[in-house]
Amino acid sequence: MTNKKLSELKKISLNAKLLALEGIYNAQSGHPGGSLSATDVLTYLYFEKMNINPADPDMKKRDRFVLSKGHACPALYSVLALRGFFDTAELKDLRKLGSMLQGHPSMHEIPGIDMSTGSLGQGFSAACGIALREKREKLGFRTYAMIGDGESQEGQIWEASMFASHYKLSKLTLFVDFNKLQIDGEIKKVMNPGKFEDKFAAFGWHVQTINGHSFKEIEKAVENAEKSNQPSVIICKTVKGKGVSFMENNAGWHGKAPKAEEYEKAVAELKTQLDALS
């Protein structure tokens with residue numbers, strides 16, 4: 001990855017974070033912490049990796065992405081808008097009555113959404129089903145999915161992991177947003193999932209662990225995943241609320257909208273980071 005491309009991706013990610021926070025602030029509802037921790041991975045996929053076409057969002061050979069942690073949709077919506085799937089003006093109406101951008105993604109309403117998600121665990125299972133269809137019908141696309149680390153406490157996650165390994169879904173790549181926090185606090189205190197590396201390896205997955213905010217590490221891990229004949233999981237060590245100092249590593253920002261003064265401070269911090277890249 002060139003330095004120019006790296007700078008471009010960082011700028012896109014910061015702009016996506018600004019738009020995500022704007023939507024959450026206007027709605028006075030939403031999930032900023034897990035949205036900000038996921039934005040870098042989403043930016044890489046949609047702006048660098050995935051075979052997609054905003055002018056033809058339903059093209060048959062497009063790569064698929066499923067956000068199983070659907071409550072982090074402000075990040076996904078912002079990335080989709082910046083990529084050209086719909087106008088960024090839609091983001092200001094997040095969670096408002098009549099808006100297509102509700103609190104969880106809907107494949108029936110939003111261009112670029114491949115699966116409706118919300119109930120934790122189910123999105124990952126759907127991604128496995130999508131990958132199985134591609135394999136059986138040789139449709140020529142890859143399937144990507146993202147789960148939250150707190151979401152991994154759902155038994156369905158491990159049933160899906162067994163399914164993917166059994167059917168050798170080698171064109172499936174899963175990202176774990178490992179920010180170590182969920183709505184009730186630290187995941188290891190709420191319900192410790194143990195070592196993700198050991199668990200996924202035991203289910204027959206190709207496993208990698210990276211810094212989920214490093215575009216270079218994300219790129220290398222995705223390239224390695226493509227070479228594997230197993231389903232691949234990329235465990236992304238991330239920071240909840242990444243980019244906004246008072247939100248970082250703070251479980252209180254899992255599902256709380258900022259007030260006016262907090263929003264202004266968050267915007268100022270993100271814009272300062274943007275200016276530093278100019």
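These legends describe close-up views of a predicted model.

**View 1. Cysteine C73 and its surroundings.** A disulfide is a covalent bond joining the sulfur atoms of two cysteines. Searching the whole structure gives 0 disulfides. C73 takes part in none, and the cysteine sulfur nearest to its own, that of C236, lies 19 Å away. C73 counts as buried because its relative accessibility is 1%.

**View 2. Cysteine C236 and the closest cysteine sulfur.** For C236, the closest cysteine sulfur belongs to C128. The two sulfurs are 17 Å apart, which is too far for a bond, since a disulfide requires sulfur atoms within 2.5 Å. C236 has a relative accessibility of 1%, so this residue counts as buried.

**View 3. Helix α9 from end to end.** Helix α9 is made up of 17 residues, numbered 260–276. At 1.5 Å a residue, the helix should span 24 Å. The C-alpha atoms at its ends are 24 Å apart, in agreement with that expectation.

**View 4. The buried side of helix α9.** The buried residues in α9 are Y263, A266, V267, E269, L270 and L274. They lie on the same side of α9, because they cover an arc of only 160° around the axis. An α-helix has 3.6 residues a turn, so residues three or four places apart point the same way. Helix α1 (3–27) is included in what covers the buried residues of α9.

**View 5. The exposed side of helix α9.** On the other side of α9, the residues E261, E264, T272, D275 and A276 are exposed.

Notes
Residues numbered from 1 in each chain as written. Predicted model: local features only at pLDDT ≥ 70, side-chain atom pairs only at ≥ 80, totals over all residues. Heavy atoms only, no water. Buried < 20%, exposed > 50% of the residue type's maximum accessible area, 1.4 Å probe, protein only. Helix = DSSP H or I, 4+ residues; strand = E, 2+ residues; numbered from the N terminus. Expected span 1.5 Å × (residues − 1). Arc of directions from axis to C-beta. Contact = heavy atoms within 4.5 Å.
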